[in-house]
Every structure is written in structure tokens, then in C-alpha cells.
Amino acid sequence: MPSLFTLYRKIFFSRKPGWDQQPLPTLVVKAPEVALSAEKVKLYAKVCEFDFDGQIIPPTYLYVLAFRLHATIFTHKAITFPLIGMIHLKNSITVHRPVKLDEKLTVQCELTESRTTDSGLEFDLVSKVYAGDELVWQALSTYLYRIEGKKRTRPPRASAMAWENVQQWQLSEDLGRQYAKASGDYNLIHLHPVLSKRFGFEKVLAHGMWSKARSMAHLMQFVGDKPFTLDVEFKLPVFMPSEVTFAFESIEGGKCFEMRDAKGRRPHLKGELKYLND
């Protein structure tokens, strides 16, 4: 697997002129025979609060591997705009079966589609993980590159879901550094307030995929070994230190859930867990 440290050095210090108004090409990156590290999986599980039995890896962990290939695509010469300021809009993960720590995996990522929207350039990355010839896990990530002059969307509102049995989670200022150590994602805006201020943020930001993983950890009690899809939309950034709230309710075939601010008014993340029939 490529080194995220090396890739981030390219991302943060290389100069890219900006989007050239051309459709993005199809790009495919593949890493075969990937072995998982028990130490890293254990650390990831601890930071995201999964119960890790030493065998079945947390279902969101494979995104850590996929993101290394995302970053490889971001540094490709055909991507003419910088990663800084790019927004992860939404992420969907499908788990076809639980994956064991000792399995050798092939990880593949493809830039499949791009389109111009009212906010800028959106594009999709499809990630797939195979054990041998078996597709065991896949994900769809949608990113936005804001284009100057394009309108910004209104601040999102919380949904009408019943806000009951609310969980309160305390996020420490060093959570971003803990998640970076577990995931290898050392994006500067997540590490320290001094660094995040350089990019226009008063406080350090939580990783969006930490928010998704932490939500999934709470929902694992309803999953077991069933195949499922977990869809989320990232709404408002989570600044740290802070307190967030989380709640879910049952829907047909699964659960819907949200992570909100401490008062339960502004949504940080909105998602659905749906069980598959296969």
C-alpha cells in the first residue's frame, strides 16, 4: 500500500493550477496481496470504540486502505486542482460478509464519474475489496471541489426523526491525532489548532470517517454477521474539543441515525443502515 505520509507531502506542497474545466478521466489504482496489521486494527477499533475480538475487523476499517488509493488518484497529474478545500460529501459502504484479520486482500479504487453542480465539481470514487475472487466489501465516496463564484448551499437542518434515547459523546482536542495514528490519515486540519488555522478553521476538525465509524460502532449491536449497506451524508464539520449527540430509530429494513451538536439541533452527519437480502 502507498504511504499516506508521502502522498500528503505531494498534496500539501505541490502546486496545482485549479480545475481545467475538463471532465475528469477514468483512473484505476489497485493493490494486491494486502495484509492487515493486528496492531493498527486494534488501535483503530479503540479510537472508534468498536468491540474488536481479534478476528473480525470493524466494517469501516477497510476504508482506511481504500483512502490510500484515493490519495494516489488525487496526486495524479490528470487531477489539476488541489486537495486542500475539497469536501467529502457522502460515503456509502457495503459489507457483503465480515472480513477476518488474517485474510489477504486486493484493494481497488476507480475514479468513475464527474459532474458540474451548483456548488462546483463533484466526482465519485468506487472502492472494492476482494478476498481471492470474492467481492467482500465496497464503497462509493462522493467529493466536491468548490469552484469560485458557485453558490454555497444553505446550512443543513436536522431531520424530523424522533430524537430519543440520545447518546452524548465527548470529543477531546487530540481525537484527530489519535485517529490519524490509527488510520494514517494525517490531513493537517485534523491534527492541531495551529495547523487548522492555516487553512481557515478556528479549531481542529474531526475526521468525517471517524464520525461514520463511531456511529457504526454503536449500531453494531443490530448487525451481527448480516450483510448491510451504510450510507452517510456529511453535513456540518465537527470541531474539537466538543460534545456531540447521537440517536437512531428503526425504519423498514434497518436504522436511520444522526450525529448532531450538543443541543441536538444542527446535524453533523445523517445516515441509514440497511440490511441486504443476499
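Let's start with proline 241, which sits in the loop between strand 9 (239-240) and strand 10 (242-251); helices (H or I, at least four residues) and strands (E, at least two) are DSSP runs, numbered from the N terminus. The peptide bond joining methionine 240 to proline 241 is cis, with omega at about 0°. Keep in mind that this is a predicted model, where local features need pLDDT of at least 70, side-chain atom pairs count only at pLDDT 80 or more, and totals for chains, interfaces and linings use all residues. Residues are numbered from 1 along each chain as its sequence is written, and side-chain values use heavy atoms, leaving out hydrogens and water.

Now over to helix 2 (residues 38-48), where Val41, Tyr44, Ala45, Val47 and Cys48 are buried (under 20% relative accessible area, with exposed meaning over 50% and partly exposed in between; 1.4 Å probe, protein chains only). Looking down the axis of helix 2, you find its buried residues within an arc of 165°, so they line one face of the helix; the arc is that of the directions from the helix axis to the C-beta atoms. An α-helix has 3.6 residues a turn, so residues three or four places apart point the same way.

What do the buried residues of helix 2 pack against? They pack against helix 3 (62-74), helix 4 (175-183) and helix 6 (208-219), with contact meaning heavy atoms within 4.5 Å.

Take the partner helix 4: its axis lies 8 Å from that of helix 2, at a packing angle of about 155°. Axes here are lines fitted to C-alpha atoms, for helices over the stretch in contact, and angles run from 0 to 180 degrees between N-to-C directions. That makes helix 2 roughly antiparallel to helix 4 (the term covers angles over 145 degrees). On the helix 2 side, Lys40, Leu43, Tyr44, Val47 and Cys48 meet Leu175, Gln178, Tyr179, Lys181 and Ala182 in helix 4.

Just after helix 2, glutamate 49 takes a positive phi of about 70°. Most residues other than glycine have a negative phi, and most peptide bonds are trans. Glutamate 33, in strand 1 (residues 27-34), also has a positive phi, of about 55°, and is exposed, with a relative accessible area of 58%. Asparagine 165, in the loop between strand 5 (134-146) and strand 6 (167-171), has a positive phi of about 50°; asparagine 165 is exposed too, with a relative accessible area of 70%.

Note on methods: Parallel < 35°, antiparallel > 145°, perpendicular 65-115°, else oblique.
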